[in-house]
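Here are a few notes to read with the model open beside you. Take them one point at a time and find each residue as you go.

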Amino acid sequence: ISSFTISSSETLTFTGCDLVFAPGVEVTVENGGTLIINADVNTPITPSHLFSCDGMWQGITVKAGGILNLDGYVSGTNNYCKIENAVEAVYGNGNGALLNAPEININHLTFNNNLVPIKLSEDDFGSSVITANIFECDGDYLTKSPHIGVYPQQHILLEDVTGIHIGGSGNALNSFYDIYVGIKAIRSSLLVTNSEFVNLKN
């Protein structure tokens, strides 16, 4: 798949799809656009899987006013959908106005082998939800160019962010595995609940 943009008043949905991206590919959700990625819950259950075969793809960028819904939930299971091999798998790119922020809802996904699984910047993300996800890096080091041999530094990166709640109600946890910093917050305010941090590195 090559780079593409979801523009104002457009909604694009992928249900139970394998999306294989070329190196450097970026998916952009503009103001007023909506991208939905989820699992097909019909039998046989089919998850969505976003990844690259060669070099790393860039990821999904959601601009101010754009909406991204990633939902891997299937009754009786967890974390059916997966995103792998991205430089910034999900990037909420705010405009600093604390108004019309990107809305990013991520539930029951597995992020694996990404340089930065989730990055949010310069806005109030009080309408966003990050709940019941798994963050990991199989084998510890990235295996695709241009970051071969790099050990990712954090699973979630926040820069000049307010209002974000990472976690939520209920028993399902965000799980952060094998990383130096689970959540790195720079000039940001946040609430973290229902999250576990396992085997953090020194």
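1. Start with what a patch is: it is built from residues with over 30% relative accessible area and no salt bridge, where like charges are joined within 9 Å and nonpolar side chains (Val, Leu, Ile, Met, Phe, Trp, Tyr) within 5 Å. Accessible areas come from the Shrake-Rupley method with a 1.4 Å probe, and for residues only the protein chains shown count as cover. A salt bridge is a side-chain nitrogen of Lys or Arg within 4 Å of a carboxyl oxygen of Asp or Glu.

2. Before going on, a word on the source: this is a predicted model, where local features need pLDDT of at least 70 and side-chain atom pairs count only at pLDDT 80 or more, while totals for chains, interfaces and linings use all residues. Residues are numbered from 1 along each chain as its sequence is written, and side-chain values use heavy atoms, with hydrogens and water left out.

3. Now the patch itself. Leu190, Val192, Phe197 and Leu200 make a nonpolar surface patch of about 290 Å². Phe197 sits in strand E21 (residues 195–198); strands (E, at least two residues) are DSSP runs, numbered from the N terminus. Phe197 counts as partly exposed because its relative accessibility is 37%, between the cut-offs for buried (under 20%) and exposed (over 50%), with a 1.4 Å probe and protein chains only.

4. How many salt bridges turn up in the whole structure? The search finds 3. In one of them, Lys63 pairs with Glu30, with 3.7 Å between the closest N and O atoms. This pair links distant parts of the chain, 33 residues apart: Lys63 is in strand E7 (residues 59–63) and Glu30 is in the loop between strand E4 (26–29) and E5.

5. Lys119 and Glu88 also meet in a salt bridge (3.6 Å, N to O). Lys119 lies in strand E13 (residues 116–124) and Glu88 in strand E10 (residues 88–93), 31 residues apart. Are these two buried or exposed? Lys119 counts as buried because its relative accessibility is 14%, and Glu88 is buried too, at 16%.

6. Asp160 and Arg187 form a salt bridge as well, at 2.7 Å from N to O. Asp160 is in strand E16 (residues 154–162), while Arg187 is in the loop between strand E19 (181–186) and strand E20 (190–192). Asp160 is partly exposed, at 31% relative accessible area, whereas Arg187 counts as exposed, at 61%.

Notes:
Helix = DSSP H or I, 4+ residues; strand = E, 2+ residues; numbered from the N terminus.
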